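The sequence and structure are shown first.

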Amino acid sequence: MTGIEIDGRVVSPEERAFGLSVSDILLGDALSDRLSNIVELAGDCPRLRFICVRNDSMDPSLFSAVVAVAAGTGLGLVLESADPVCLRSAIASTPGSTPLLCVTDPDRIGETAVLSAVTSCPISVPGSDTESLMDNVDIAESNGATGIVLCPGYTNMKDCLEINTDLQRLEAEHSFPQACHPIMTRTWSGEYALSVASVSVMRHGALIILDDLDRDGCRVLQALMDDFRALHV
Amino acid sequence: MRLPRTSRRPCPPLEEICLGCGDYVAGGAQSLPFLDLDGARRRRPLVFGQVTDDLASYPSLAADMFSGRQTDPVEWAVMWKEIGADGVWIDLRSGDSDIVRRICDRTRLPVAVSADDEVLRDVSDIDGSTMILIGRDHAYDGPSGVHAVAFGGETADDIAERCSAAESRDINSIVIDLGGFSVDEGVSRSVALSEDVRRRALSGDPALRHPTMCSTVHCWDRGFPDARVASMWEAEAALTAMLAGTDIVIMRGPGAADMARVYGEELADL
């Protein structure tokens with residue numbers, strides 16, 4: 001599986017990375033505290049290379065403002081929104097960077113892929129199961145997406161195990177073109193999220209985005225990403 | 001979009017053993033771990049809790065989690081049963097095999113015992129419960145009675161050789177000891193060994209068809225500031241071991257053991 005460059009950082013199953021999220025409804029001190037906390041954790045855990053800005057507000061101007069502040073941390077950016085209009089606005093606030101565009105509304109993958117083609121930003125393609133994910137990759141590719149990351153929609157760690165294995169076999173055993181992209185895992189907060197992230201690392205995941213993880217959890221994930229090498233699929 | 005088939009046909013089940021009073025089964029895999037895609041059996045790995053009669057070599061950080069009951073190995077084992085462990089690993093240093101007998105009687109859980117050879121000879125006479133006998137520093141080669149004996153090695157070839165040699169003796173059943181798992185630079189070696197054993201067994205290597213076990217207890221030796229952090233590392237090590245195909249995981253922390261059991265249940269879709 002080849003890697004992908006996201007905002008100047010190469011990500012692949014051999015060069016794994018993770019990121020933590022910040023919501024665009026945070027303001028003022030709450031925002032700067034959250035960003036400082038992530039930057040401090042990244043100093044301790046070098047594989048924490050990304051900040052994911054979540055467009056909870058659904059407001060393009062709020063989203064852009066938080067993205068511009070997050071860009072100042074020096075970490076890579078992942079932009080998550082249901083609305084490509086908000087993504088377009090946010091990209092404009094960070095000239096020179098090529099963040100990963102995560103559209104959470106599967107019906108708007110085509111629009112987001114066009115945005116990816118225009119801005120040279122890679123796109124993460126969602127899908128609730130392997131088949132819909134492959135269909136959505138087809139849409140993204142036919143609309144000219146610059147680079148693609150697969151983002152399966154897991155509901156738990158079992159899903160992560162099954163879908164990641166399925167995707168890996170499609171690539172490794174069948175050279176199925178739509179599956180030949182790095183896998184991103186989007187998960188939640190705390191110890192269960194850490195366990196989902198761990199399953200992903202052990203089953204071909206390249207990029208993990210968590211809502212939140214404390215310092216101890218980040219260290220566990222860092223160690224696993226550093227040391228784990230799988231043999232079989 | 002029509003996708004190529006990625007599932008694999010299940011293999012004939014690997015060997016399984018009944019432990020304890022016959023109500024716990026380990027092994028019997030017929031696919032790579034947990035994969036519904038390949039028709040995995042809905043069976044989770046067993047989680048054993050550690051008990052020792054030598055607290056001097058046991059970290060106080062972990063001891064504090066057992067509310068004083070760790071001072072009596074039998075009470076300690078009963079506590080493991082109360083918190084849901086599937087079995088007990090007794091690290092028997094004193095040589096008092098009666099401790100093993102009393103733990104079997106009180107808990108009726110499966111038991112694995114690590115001890116010197118002469119102690120294991122005494123333990124092998126205990127009946128009514130099928131145990132796993134683990135030699136200290138080397139494989140136990142004495143009489144084993146109705147019990148299973150653990151054999152390990154540095155590589156799958158080593159293990160296969162020892163298991164083949166053991167099969168020519170009068171041993172009731174064999175458990176493959178994969179050694180320690182922890183989330184550090186040794187994890188790749190542990191995973192490689194475990195996956196290699198499982199893959200070769202599924203491919204038909206008769207010497208490696210036995211259930212496997214490993215330990216995560218040494219995760220606690222890293223000098224963690226508190227039990228919560230140690231438990232987190234141990235639970236992740238157990239998850240790694242289970243995903244690599246281990247059938248029995250021996251654990252030190254009760255919180256970590258609980259997490260491992262829940263993870264196993266979810267992965268096995270129970």
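## Basis

The model is predicted: local features need pLDDT of at least 70, side-chain atom pairs count only at pLDDT 80 or more, and totals for chains, interfaces and linings use all residues. Residues are numbered from 1 along each chain as its sequence is written, while chains are lettered from A and ligands numbered from 1 in the order in which they are written.

## Overall form of chain B

Chain B contains eight helices and ten strands; these are DSSP runs numbered from the N terminus, helices being H or I of at least four residues and strands E of at least two. The C-alpha trace of chain B spans about 60 × 45 × 35 Å along its principal axes. Its radius of gyration is 18 Å, which agrees with the value near 18 Å for a compact globule of 270 residues (taken over C-alpha atoms; the globule rule is 2.2 Å times the number of residues to the power 0.38).

Of the 270 residues in chain B, 51% are buried (buried means 20 or more other C-beta atoms within 10 Å of the residue's own, exposed 12 or fewer, partly exposed in between, with C-beta atoms placed from the backbone).

## Packing of H7 and H8 in chain B

Helices H7 (residues 227-243) and H8 (residues 254-267) of chain B pack with their axes 8 Å apart, at an angle of about 35 degrees. Axes are lines fitted to C-alpha atoms over the stretch in contact, and angles run from 0 to 180 degrees between N-to-C directions.

Residues of H7(B) including Ala235(B), Leu239(B) and Met242(B) meet residues of H8(B), among them Met259(B), Tyr263(B) and Leu267(B); contact requires C-beta atoms, placed from the backbone, within 7 Å. The residues of this contact divide into nine nonpolar, three polar and one charged (Ala, Val, Leu, Ile, Met, Phe, Trp, Tyr, Cys and Pro are nonpolar, Asp, Glu, Lys and Arg charged, and the others, Gly among them, polar).

## Contact between the chains

In the contact between the chains, 30 residues of chain B touch 33 residues of chain A. On the side of chain B, helix H6 (187-202), H7 and H8 each give two or more residues. That side divides into 18 nonpolar, three polar and nine charged residues.

## Positive phi angles

Most residues other than glycine have a negative phi. Phe34(B), however, has a phi near 70 degrees. Phe34(B) lies in the loop between strands E2 (24-27) and E3 (46-52) of chain B and is buried, with 28 other C-beta atoms within 10 Å.

Ser175(A) has a positive phi near 45 degrees. Ser175(A) is in the loop between helix H6 (157-174) and strand E9 (183-189) of chain A, and is exposed, with 10 other C-beta atoms within 10 Å.

Technical notes. Two residues are in contact if their C-beta atoms, placed from the backbone, lie within 7 Å.
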